[in-house]
Every structure is written in C-alpha cells, then in structure tokens.
Amino acid sequence: MLCCLNPDCPNPLNPDGINYCQSCGTPLVPLLRGHYRVTNVLSDEGGFGKTYLAEDVDKLNERCVVKQLAPKVQGTWAIKKAIESFQQEAQRLQELGKHQQIPTLLAYFEEAHYLYLVQEFIDGQNLLRELQQRGAYGEIAIRKLLLNLLPVLQFIHEHGVIHRDIKPQNIMRRSPFSPTNLQKRKNLSSLLGTIEGELVLIDFGASKQLSETVKTKPGTTIGTRGYSPLEQMQDGEAHPASDLFSLGATCFHLMTGVSPATLWTENGYSWMTSWRQYLKSPISNGLGKVIDKLLKKAIRERYQSANEVLQDLSSYSLVTPQSSQSFLLQRGLLLSTTILFLGFGGIWYMKDSSLLNPLAESQSSPLKTLNGHSNLVTSVAVSSTSKSAMLASSSFDTTVKLWNLVTKTEIATLEGNAGSVHSVAISPDGQIVASGNGNNTIKLWNPFTKKEIRTLYGHSSSVEVVTISPDSKILASGSFDGTIKLWKLATGEEIATLKEHFSPVKSLAFTFDGQTLASGSEDCTVKLWNLQTQQVIRTLRGHSEPVRSVAISPISPNLNEFGGILATSSADDTIKLWNLSTGEEIYTFKGHKYSVNSVAFSSDGETLASGSSDNTIKLWDIKTKREIRTFKNPSKEVTSVAFSPDRKTLISGSADGSINIWDVTFNHSS
C-alpha cells in the first residue's frame, strides 16, 4: 500500500502501482525525499497534520515515523506557533535522541510546501493502551516505571529541556521482541524472569529549552489538563518540577485507571489531596509519600529534580501496606518473618537478620562522619598509595570531593559543570582522578593541582561507572547506553567500545593483571571480557535482579584454592562469589534485607564488605563464608563502600550525602 500525503484526504490508502490517489486525485509520492515510502496513517493531529508509518528503502525497508505539519489554524500568530512547535520537536530530538529511551531524529525537511520530521519507529504501545489491556498497575509496577523514567527526565533536564506534556499516551513501551530489542538480546531463552520492553519518552512538540523561567504567551495553554501543574496551566511557566508533577499524575492514572483530566474538569486541583481514595489496591506508606510530594500543588513544596525522587524512592522499604500486615498478623504469619516486596517484582520471605548469625557483631557509631555533599553520594574511591591517603567521593550534587583520610578533612571540591556525577575512580599511581558524569562525559582531574586535565566524549547517555587498570594505563567506562568504552588514560584516546549488554552497565572491575574486565549490568548478568581480543570470555547468570556492583579479589595465599574470586551484588538482596577461572558459582551470601548496592574486597582479599539499601554494611569472611560484623548506618541507605589500603577502616557513602568512616580492625577467628 501507498499513502496519500494530502492531509485532507478522507481515504489516503492506495494500492501499489497507481500514480494518483483514488480518493482525492492528488499525485502520489512514491518516495518522500527520495527514500521514505509512506505506507499508512498512524494518527491524525487534527488541524496540524498527520503522522505516518513509513519504510526507509535505503535501510532495507527499516520502519520509521514521518510527521507532517499542515496547520489549518487561523491567524498569523497561531501558524507561527505551530511551525515553531514543530521545529522545536525536531530540535529537541536532535539534541536528545542519542538517549536510547528517546526517539532518534532521522531527518527534518520541507517538501511540497509541507514540513516533515522523520524519527525512529518505536515498536510497541503507549501506556494508556497498556493500562486498558492489563488493568491498574500495582506498587511494584509503578516503582519499576519510576526507576525507568526518572533517569530519562534527569537526562533531559540536565540538557536544559522541559518536556511539558508527560502523560501515559506519551510514554511508549518497546515490544521486548521488536527487532531493536532482539538485537540486544542474543540469549533470550536463558534470561531469568519476565522480559519487559524499556520505556521511551515521546512527543517533544511541547518541550521547551530551560532558562531562568520558561513562559509562553499569556493566555496560551501548553500541556494537558489534569496532568500539567498549576504554574504551567495558569501562568505558562515550566520548570523541572513541572514535569515531575506530570509524572506523578501519570502514576496516579496507571494505579487507579481514573484519568486526572476527568477529575480536573470536575474538581480542579482538589483531587490531589484525596487521590488515595481511587486506588484499586493498597500501597506502602513510602510510595504514598513519594506520590504525595510529586503532586504538591505549590511548586516550592514539590520535588525539584528527578534525582531527589530517586533518592526518596530508594530510601523507603517496599513492605506490605498496614492493612495487609494486620491481616497476616491475625493469622500468625509474621512472628519472625518480614515480608518484603522486592523493587523489581515478587515477594520474598526472609527471617529476621538477627537470627542469621548470632555471632555477628553490630556497631552503630562510625569513627567519623564527613559532611559536605548536599545530595546522594554515588561512589567512593580510596587511593591505593599509602603516601597520598586520599579519598574521593562523587555525588548527584554535581561535585567530586577529595578528602584527607588521615586528618579526615576536605581537601578540595572539583566542579566540572557536567551535571550529576555517577562514579569516581583514583588511578593506582595516585596521579589522576576520573569522574563519570550525567552529561555523558568523563572528566580527568589532577588531584594535586585540582585542575581538569581533559574531558572524554563518546557515550550517548550518562556514564554510570569508571575504573582504572592496575598499571594506571587504561580507563574503562560503563554507561546507561549499555556500552563499555576503553580509553588510554594518558592521552584520552578511545581504544574500543564493547557492546554485549542490552541494559545500563552499572559496575566494572579489572583483574589484578589488567587482562580481564568484569562488568555488571541492569540486564541481571555479569560479563568477563578479554581485553586483548575485546571479546566476551563468558557470561555469568545467577542473579534474578539487576547487578549493582562487581569486585575482584587480590591474590591471597590463604585463598589460592580458587585462583581468583569475583564478588557480585544485586537488587535481589544477595552477594555471589564466582571462580574467575571457570565461571563457577562458589557461594551466595544472604543476610541483607534489600538491594546490595556495593561490594569491596580488603587489600588482602580475605574480607568482603557490602553496603545495602537496608541501611547496613556487612563484613564477610571469604574463607569461612561467615558474616563477621554488621554496621548500622546512622543515616539513609548505603550506596557505596571501599576499604582503606591498610584494611583498618572502611568508608561508606550514603543516600543523604554523608560519608562514614568505620573501624574494621578485628580478628577473623573471633
């Protein structure tokens, strides 16, 4: 079939082989701009044009979306705004479309007096259609949605863009079996659990570049009633917090099946104070508080950034709502067992942690707390040279801080205007500090002069992790875009891109000889890479939820029975030990109640530390497989851990921005 491009055509579909539309008589365009064959109408934008499905004949008939602007509005100003909005969408897709959860702009042009925008085709359906098919979302589904979409919002906001029209219709879920996803999933049958397509944020036609205040012409409404906040509908203002309100309204719609637009028409904004009455099933107090703050009428009381929402989302416990707990208590089912709703699905029954190891000591007071970051500490790294005794920390507050571990004082704050900082690493020779940033870059710093050495560009999404080889020659970076890049540390030259993970890469670790790299991903797998051939040696599967951290043990004479040990931690609350040589799983540590966000080996390889969202740090004896000690973090969840070179102290980063230093001098046999 060939589609007529006359926007007023009542029946635009035509059989192949004819030259004029059989409905309206308009000459048919076999190939728009020489290589787009338009085959069907996807949607009619009313007085502004249509959206078509097309095939790119220059790319083996790969499907794409063609948007046509043909405004029928009256008045010069209205037509000007329609054209401006269309150009704006193309500009935003050009700026942001390299992110895997935002459609890629393929072309933008004028032909036969119409403007056209060609973008990536998302094979899937929007969340409104999904809601109609599957019914109201439960708590686990809403939490997964937030964890999936909030990083995308943080990404666009860090790039100075406000979407202004977030709603279920503008969020697509890719089909897990679409060609795009199948290219990323070579071993579908071996993956654990249900595979869901990733969420994609679409329709940037209403988006706006962020300035001090974004305003539209007085009397002009941008957005959708019920989903857009008061400041946007009443004053034409838009801020990052405005998008967050829309996200909260979207969550409400998906949890209840009730459209905020309907409630807005009947009650204005008063529905936000009583939204719980529409719930189909109970939710935890933690999620309820997050939705409450997203839906605050006053912008100053609302979340100001997506990272703030992520911080609160990760700090509350997903437990059964009080009504369900009471029901179970009446039946004697919660005597010594806590029922945990896992962040990514399922229910887990776990005994009280105090019963797991009666011999394990508990400590609640750190030696020292370092305060300086104003937001979540994403990672901590310690210099392995005894001379410098330096600690580096990174944070969502956009800074890297350097600390003197002896005096426990701040040395310097490094600010690179790179958005949130997701990871930090110190070269083993102590000469370079590297940071992985939310604006897709890596920055290299001289820790002595406190000056930036250079910025590395190449990733298409935020850099989630950086690490440096034992010889201080190679930097490895993992990104939200699912790739790993290798760089020459001395020159910043990119060596290679490793592509096998199909979800964000969250953690990396070099072996002691620098010949192998381990990578942990949101796809629940760990991959071991041969850095000479740049090929995967093997893929380790065993975790049922995303892998949060990987660490490799130094060679220890007491542990040479294994040759080398890899430790991995996951959102499934467990830590696994693996034989690096064979890929065999050695042991699984179970003791944390929630996601284990970070693991680190002591310099002798005999002790493993783990930090968790259950606000604890645990120390494990690798040889005996016993829990040695538990530290109770005085603040929020533990995001990262690292040992000092002398093994006497442990450093942990927290979700509240604090860094705690713990005394870990003890006898393994005690």
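Ten aromatic pairs are found when rings of Phe, Tyr and Trp (its six-membered ring) are paired if their centres lie within 6.5 Å, with planes under 30 degrees apart counted as stacked, over 60 as edge-to-face and the rest as tilted. The model is predicted, so local features are reported only at pLDDT of at least 70 and side-chain atom pairs only at pLDDT 80 or more, whereas totals for chains, interfaces and linings use all residues. Residues are numbered from 1 along each chain as its sequence is written, and side-chain values use heavy atoms, with hydrogens and water left out.

Phe252 and Tyr278 form an edge-to-face pair, with 5.9 Å from centre to centre and 90° between the planes. This pair links distant parts of the chain, 26 residues apart: Phe252 belongs to helix H6, and Tyr278 to the loop between helix H7 (260-267) and H8. Helices (H or I, at least four residues) and strands (E, at least two) are DSSP runs, numbered from the N terminus. Phe252 is buried, at a relative accessible area of 0%, while Tyr278 is partly exposed, at 23%; buried denotes under 20% relative accessible area, exposed over 50%, and partly exposed in between (1.4 Å probe, protein chains only). For Trp264 and Tyr269, the ring centres are 6.4 Å apart and the planes stand at 85°, so this pair is also edge-to-face. Trp264 is partly exposed at 21% relative accessibility, whereas Tyr269 is buried at 12%. One aromatic cluster is formed by Tyr36, Phe109 and Tyr116.

In soluble globular proteins, nonpolar side chains tend to be buried together. A nonpolar core is here a set of buried Ala, Val, Leu, Ile, Met, Phe, Trp, Tyr and Cys residues joined through side-chain atoms within 4.5 Å. The largest such core comprises 55 residues, and those with the most contacts inside it are Leu145, Leu146, Leu150 and Ile156. Elements supplying at least two residues each include helix H1 (76-96), strand E7 (114-120), helix H3 (139-158) and helix H6 (240-256). The greatest contribution to this core comes from H3, with ten residues. Because domain 1 (2-120) and domain 2 (124-180 + 188-208 + 222-317) both give residues to this core, it lies between them; the domain bounds come from an automatic or database domain assignment. Apart from neighbours within four places in sequence, Ile156 is in contact (heavy atoms within 4.5 Å) with Leu96, Ile102, Val161, His163, Leu201, Phe204 and Asp243. A second, separate core of 13 residues includes Tyr52, Ala54, Cys64 and Tyr116.

Gln169 is located in the loop between strand E9 (161-162) and strand E10 (171-174) and is partly exposed, with a relative accessible area of 28%. Residues up to four places away in sequence aside, Gln169 touches Asn126, Leu128, Ile202 and Tyr227. The C-alpha atoms of Gln169 and Asn126 are 5.4 Å apart, although 43 residues separate the two in sequence.

An open sheet is formed by four strands in the order E17-E18-E19-E20, with antiparallel pairing; two strands pair if DSSP finds at least two bridges between them. Strand E17 (377-382) and strand E20 (409-415) stand at the edges with a single partner strand each, so one side of each is left without a neighbour in the sheet. Strand E18 (residues 390-395) is joined to strand E19 (residues 399-404) by five bridges, and Ala392 has Leu402 as its bridge partner in E19.
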